[in-house]
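Subject: Structure handover

Hello,

Here is the structure I promised to pass on. Please open it first, then read my notes below.

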Amino acid sequence: MSLGTDNEHPRQIYLAQPRGFCAGVVRAIEIVERALEKYGPPVYVRHEIVHNKYVVESLKNKGAIFVEDLSEVPPMAVTVFSAHGVARSVEEEAAERGLPVLNATCPLVTKVHNQGKRYMSKGRTVILIGHAGHPEVEGTMGQVPGPVLLVQNVEDVKALTLQADTPVAYITQTTLSVDDTKDIIAALQAKFTDIQGPDIRDICYATQNRQTAVRDLSKLVDVILVVGAANSSNSNRLREIGTEAGVASYLIADGSELNPDWLKGARAVGITAGASAPEVLVDDVIEALRRIGPVTVSVLPGREENIEFRLPAELAAG
Ligand code: SF4
């Protein structure tokens, strides 16, 4: 079997830039770590703090306990809400129980909540573009004080039964594909005569930058490996974008999931990572590639990111 490499012709690996952790994920993990330091373990975290098993396991080892429902949190235990955000009903339940809460909702997700609330207060029907069942979508739908219609694709827009002149407004999940959102927004604008939306799409800077980087990567490589969890929305979009660009693309959690068959005849392999995947897992995939055959690794030039989000006041240093 030819794997497309030998000692004289090592396989070329290109790393997309940027890739991996975004500012919202860095902040969320730091909130749990600092809470553990300040209050001591255990600290309860509602839902996976970010969608990555490695991150979750590392925090478990430091004393975090992950739960899906607040009823699993004992009285007065320090509780962290995940980066994806929560519905108002969850905030209210925590307040009723007097739980000390640290909110790790990404500020860019909170921004979408606020947009939705603003549109609703102006009497508009709010339409959320997003994926059913994703915790961010559940949180956003539960933050806007009124019914929110969810559309996942252009077909869902066609199926909406609202009158064409109903005042509507759209908001979007932060981690969708820019292209998908564009088509859905165009369908909404064609259907409704009185429609508003945010000036800049809600797809967050990290999602946009990682999507642009994977498009650039796709021009150079035969195979794309996206390091990320199966339940990570932004990682799934990266894999889809690679596939849409005509490059065989695979989502893998770490090096153990690398299938040598994917590399048959592949001279150049691109690697990127979703916003919740730590760099150590990218290194693990590179090592797995190295075990299959010699490699040369280069990092593509890309957009620099220097965004940082402030920690909650009670955890800020100093
Ligand atoms: S992907 Fe974007 S919205 Fe999600 S946590 Fe990161 S910065 Fe925030």
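The notes below cover the sheet, the helices across it, the cores and one glycine.

This is a predicted model, in which local features need pLDDT of at least 70, side-chain atom pairs count only at pLDDT 80 or more, and totals for chains, interfaces and linings use all residues. Residues are numbered from 1 along each chain as its sequence is written, and side-chain values use heavy atoms, with hydrogens and water left out.

**The sheet**

Five strands make an open sheet with parallel pairing. Their order is β11-β10-β12-β1-β13. Helices (H or I, at least four residues) and strands (E, at least two) are DSSP runs, numbered from the N terminus. Two strands pair if DSSP finds at least two bridges between them. The edges belong to β11 (248-252) and β13 (295-299). Each has a single partner strand, so one side of each is left without a neighbour in the sheet. From one strand to the next, the twist averages 25 degrees.

Look at β10 (residues 223-227) and β12 (residues 268-273). They pair in the parallel sense over five bridges. V226 has T272 of β12 as its bridge partner.

**Helices across the sheet**

Helix α8 (residues 205-218) lies across β1 (11-15), β10 and β12. It runs at about 175 degrees to β12. Helix α9 (residues 233-244) lies across β10, β11 and β12, at about 165 degrees to β11. Axes are lines fitted to C-alpha atoms, for helices over the stretch in contact (heavy atoms within 4.5 Å). Angles run from 0 to 180 degrees between N-to-C directions.

**The cores**

A nonpolar core is a set of buried Ala, Val, Leu, Ile, Met, Phe, Trp, Tyr and Cys residues joined through side-chain atoms within 4.5 Å. Buried means under 20% relative accessible area (1.4 Å probe, protein chains only).

The largest nonpolar core has 33 residues. V32, I49, L59 and V80 have the most contacts inside it. Helix α1 (23-39) gives the largest share, eight residues. This core draws at least three residues from each of domain 1 (11-21 + 205-299) and domain 2 (24-103). Those bounds come from an automatic or database domain assignment.

Beyond its neighbours within four places in sequence, L59 is in contact with I29, V32, E33, L36, I49, A64 and F66. Another core, of 20 residues, lies apart from the largest one. V223, I252, L258 and A277 are among its residues.

**One glycine**

Where is G293? It lies in the loop between α10 (279-292) and β13. G293 is buried, with a relative accessible area of 8%.

Best wishes

How values were computed. Buried < 20%, exposed > 50% of the residue type's maximum accessible area, 1.4 Å probe, protein only.
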